[in-house]
Amino acid sequence: TKTARSDDDFISTAVSLGSLSWMSSLLSRPTSLGRSWLTTLIHSHSDASSLATEDSTFAQFVCVDEFPAAEQPPKAFASAKPTQVICEAHSEEECESLSEPTSALTVASLLAQMKAGSDDPTVLKRSFGELSYLLWNDNTISPDAAAESVQVVVEAITKHSADPQLLGYGCSALAWLTSSVDLDSSTVLQDVHAVQVVVNSMRDHPNVDLVQESGSKALVALAEKSGGSIRDIVKAGGISVVTSAMTENPGHEQIQEYGCKVLAVLAEVDPTVRTSISRAGGVAAIASALKRHSQSGCVQRNGCFAYRWLSVDCCSCIRAVGGFELVQEAKRNFPDDSTLQAHAEKVLSSTHCNAFTQELPISSHHHKLLTRLRHGLFNQELGAL
């Protein structure tokens with residue numbers, strides 16, 4: 001997206017090679033990066049605008065995703081109404097409101113817009129998109145404005161819980177808000193039950209990729225903020241929801257990326273949840289993500305991050321799904337990723353506890369004793385063994 005904004009030759013090449021048609025074919029499972037890139041191209045190149053006119057899937061996508069805030073529509077749109085170009089699947093009134101360019105965009109103006117349109121899903125979707133776009137370009141926002149925005153977004157998600165598209169946009173805005181400022185979770189995030197709202201959205205709409213992706217992204221942001229949010233995620237059933245999202249969407253790279261990150265942060269901050277993650281199928285889900293998305297640096301990094309902490313208590317489970325081999329492969333494939341390398345080294349250094357048990361024909365009872373010995377709980381167990 002950044003290259004497309006600054007390099008006209010890149011845009012022309014993308015159009016000539018058919019990249020837009022290829023991306024359009026993926027819009028049944030769109031990603032946030034794909035949406036951003038496609039929208040940028042449409043605004044920058046007349047051939048891309050023509051494709052939007054000809055391709056109904058592409059046309060529907062553009063209307064849903066809206067024009068980037070504070071940007072004028074491209075010249076190709078000037079001679080036609082939005083409904084003639086990008087709104088085949090929507091009413092004229094809805095698309096007119098979605099595609100009208102916004103000027104002087106501020107957090108304060110968006111707050112007022114969201115409050116005034118709290119009963120209008122179309123206004124809220126547009127506001128959520130503009131808020132995310134605003135924070136993406138400039139993430140400076142005061143704690144008070146962020147706190148108020150979180151409250152308004154959570155209330156809107158709760159009120160319109162049957163609208164999956166609104167929930168997806170709302171969770172994305174919540175993720176950006178949580179990441180943009182140091183919120184005091186005890187007075188903001190917990191008070192409005194932000195975690196519970198996100199988990200409920202993912203649980204209620206398991207087959208909607210947008211909700212699963214944005215919800216997982218929001219949980220990452222919430223988990224990284226404080227121990228309070230960690231406890232809320234576990235209490236709300238976030239582990240099973242994230243694991244289910246990864247299991248049901250194995251080919252969706254962003255869901256795998258964010259899912260691995262959520263499980264990693266949970267396992268790092270709260271050691272008591274590591275076995276819960278394993279029991280919920282998290283260890284196997286991470287292995288599947290590493291195997292299926294072997295060329296994705298983000299998935300590989302987050303998967304190794306998760307195994308780094310899960311290996312402390314779940315060595316046998318990781319070995320059972322081939323996790324150590326997958327981490328070794330990630331280490332070989334991404335030699336220049338220092339963060340991944342550090343995580344991988346920690347994971348692989350845990351294999352010494354498995355090499356011993358792997359070769360011995362011992363019972364499950366004795367295997368458990370050996371595991372406890374590793375943690376220093378050996379007084380009675382040592383005599384029994």
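**Exercise 1. Decide whether Arg301 is buried, partly exposed or exposed, and find its salt-bridge partner.**

Step 1. Arg301 has a relative accessible area of 26%, so it is partly exposed. Here buried means under 20% relative accessible area, exposed means over 50%, and partly exposed lies in between (1.4 Å probe, protein chains only).

Step 2. Arg301 and Asp337 join their side chains in a salt bridge, 2.8 Å from N to O. The term stands for a side-chain nitrogen of Lys or Arg within 4 Å of a carboxyl oxygen of Asp or Glu.

Step 3. Since Arg301 sits in helix α20 and Asp337 in the loop between α22 and α23 (338-348), the pair ties together parts that are 36 residues apart in sequence. Helices are DSSP runs (H or I, at least four residues), numbered from the N terminus.

Step 4. Asp337 is buried, because its relative accessible area is 14%.

A word on the source: this is a predicted model, in which local features need pLDDT of at least 70 and side-chain atom pairs count only at pLDDT 80 or more, while totals for chains, interfaces and linings use all residues. Residues are numbered from 1 along each chain as its sequence is written, and side-chain values use heavy atoms, with hydrogens and water left out.

**Exercise 2. Work through two other salt bridges, Glu345 with Lys331 and Arg274 with Asp313.**

Step 1. The side chains of Glu345 and Lys331 come together at 3.0 Å, N to O. Glu345 belongs to helix α23 and Lys331 to helix α22, so this pair links parts 14 residues apart in sequence.

Step 2. Glu345 is partly exposed at a relative accessible area of 43%, and Lys331 is partly exposed at 23%.

Step 3. For Arg274 and Asp313 the N to O distance is 3.1 Å. Arg274 lies in helix α18 (residues 274-279) and Asp313 in the loop between α20 (297-310) and α21 (315-320), so the bridge ties together parts that are 39 residues apart in sequence.

Step 4. Arg274 counts as buried at 6% relative accessibility, whereas Asp313, at 31%, counts as partly exposed.

Step 5. To finish the search, count over the whole structure: there are eight salt bridges.

**Exercise 3. Identify the helix that gives the most to the lining of the second largest cavity.**

Step 1. Leu290, Ser294, Gln300, Leu326, Glu329, Ala330 and Asn333 line this cavity. On a 1 Å grid over the protein atoms alone, a cavity is a set of points where a 1.4 Å probe fits but cannot get out, and lining residues have an atom within 4 Å of a point.

Step 2. The answer is helix α22 (residues 323-333), with four residues.

Definitions and conventions. On a 1 Å grid over the protein atoms alone, a cavity is a set of points where a 1.4 Å probe fits but cannot get out, and a pocket is an open set with protein on both sides within 12 Å along at least five of seven lines; lining residues have an atom within 4 Å of a point. Helices (H or I, at least four residues) and strands (E, at least two) are DSSP runs, numbered from the N terminus.
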